[in-house]
Amino acid sequence: MHANTLLNIESTVLDFWRLLKPRIMYLVVFTAVAGMVAAPGSIHPFLALISLICIALGSGSAGAINMWYDRDIDLLMKRTKARPIPSGRVSAESALEFGVTLGVLSVFIMAIAVNYISAILLAIGILFYIFIYTIWLKRRTPQNIVIGGASGAFSPIIGWAVVTGSVSWGSFVLFLIIFMWTPPHFWALSLNKFEDYEKASVPMFNIVYGPEKTRKYILVYSVLLMLTSLLPALFLKRALFYLGMAIFGGCIFIWYAVSIIKLKDHSSQKRMFSYSISYLFFLFASIILCSIDLF
């Protein structure tokens, strides 16, 4: 095969991979693992792997359909104009077909191979992200991230249901952590992308209410997040160790939130956004660590 043909194939595969929003997918899969490990009971490793593949495909499906729907505003924003659809590397029709196919397959395989409850939850998560967040909320209300954040918070509940075939208060606690984490995480980004969202007429919180109020609300949600992050100690095996980790990570999160109020600059907001990603990995890694038998 000609070298140029190989390069074109590789480029096309990478573009379709980017449609899946892989960075979001990694978080979704990792938090789903935490839900599976924290849940009472056990599951065969092969079924666990199938479940995680389905969750990854479901997340990617929602990401691809989101890019298809948002292709007009993505073209206007510096942060997103190089994405596969606005850049012309993938057609809108192909992206939509790709996303729908992955979504249907992920839910179907989950239902057949694992259980119906986890499949239904996966379907709800995908549909919530597409219809509630992307289509209904994102362009209409500054609460888009607050309410829409529920879509990304489904993953640990799905992971829990994979093992137990049900939903319980423990899985809801994990849901609530991600739900509280999403606003300060995304608002820290939107503060630095003010011009992008203003140009695309997306009513982000800082566009509607201003940066000062946004920074204060980031702090409020950061405190609520830390308090919420303590709740898994009620059902984890090593509660005291987990509490120490959660308090440590939460205090740093709040420190970053305070710093953006004091400094009010691009750098502090960028650091807040970057830390928020590391924090979620750290917290759910702590949940996993405190759920397994080490000895």
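## Pocket, salt bridges and a buried helix

Modeller: Helices α3, α5 and α6 each supply at least two residues to the lining of the second largest pocket. Keep in mind that this is a predicted model.

Biologist: Which helix gives the largest share of that lining?

Modeller: Helix α6 does, with six residues.

Biologist: And how many residues line the second largest pocket in total?

Modeller: The lining has 14 residues. I65, I126, L127, I130 and F131 lie nearest the pocket centre.

Biologist: What about the volume of the second largest pocket?

Modeller: About 160 Å³.

Biologist: How do the lining residues divide into nonpolar, polar and charged?

Modeller: The lining of the second largest pocket has 11 nonpolar residues and three polar ones. No charged residue is part of that lining.

Biologist: Switching to charges. How many salt bridges does the structure hold?

Modeller: Eight. One of them joins D15 and R18, with the closest N and O atoms 3.0 Å apart.

Biologist: Where do D15 and R18 sit relative to one another?

Modeller: Both are in helix α1, residues 3-19. They are three residues apart, so about one helical turn separates them.

Biologist: Why does that spacing matter for which way residues point?

Modeller: An α-helix has 3.6 residues a turn, so residues three or four places apart point the same way.

Biologist: Is D15 buried or exposed?

Modeller: D15 is buried, at 3% relative accessible area.

Biologist: Which salt bridge links distant parts of the chain?

Modeller: Take D70 and R139, whose side chains meet at 3.0 Å, N to O. D70 is in the loop between α3 (45-69) and α4 (71-74). R139 is in the loop between α6 (116-137) and α7 (144-148), and the two residues are 69 apart in the chain.

Biologist: What else forms a salt bridge with R139?

Modeller: D72 does, with the closest N and O atoms 2.9 Å apart. That pair also links distant parts of the chain: D72 is in helix α4, 67 residues from R139.

Biologist: How accessible are D70, D72 and R139?

Modeller: D70 is buried, at 0% relative accessibility. D72 is partly exposed at 40%, and R139 is partly exposed at 27%.

Biologist: Which residues make up the salt-bridge network there?

Modeller: D70, D72, K138 and R139 are linked in a network.

Biologist: You mentioned α14. Where is S276 found?

Modeller: S276 is in helix α14. S276 is buried, at 0% relative accessible area.

Biologist: What does the S276 side chain make a polar contact with?

Modeller: With the side chain of H185, at 2.7 Å.

Biologist: Leaving aside neighbours within four places in sequence, what is S276 in contact with?

Modeller: W181, H185 and F253.

Key
Residues are numbered from 1 along each chain as its sequence is written. This is a predicted model: local features need pLDDT of at least 70, side-chain atom pairs count only at pLDDT 80 or more; totals for chains, interfaces and linings use all residues. Side-chain values use heavy atoms; hydrogens and water are left out. A salt bridge is a side-chain nitrogen of Lys or Arg within 4 Å of a carboxyl oxygen of Asp or Glu. Helices (H or I, at least four residues) and strands (E, at least two) are DSSP runs, numbered from the N terminus. Buried means under 20% relative accessible area, exposed over 50%, partly exposed in between (1.4 Å probe, protein chains only). On a 1 Å grid over the protein atoms alone, a cavity is a set of points where a 1.4 Å probe fits but cannot get out, and a pocket is an open set with protein on both sides within 12 Å along at least five of seven lines; lining residues have an atom within 4 Å of a point. Grid points are joined across faces, edges and corners, and a volume is the space filled by probe spheres set on the points. Ala, Val, Leu, Ile, Met, Phe, Trp, Tyr, Cys and Pro count as nonpolar, Asp, Glu, Lys and Arg as charged, and the others, Gly among them, as polar. A polar contact is a pair of N or O atoms within 3.5 Å; within protein, one must be able to donate a hydrogen and the other to accept it, and residues adjacent in sequence count only if both atoms are side-chain atoms. Contact means heavy atoms within 4.5 Å.
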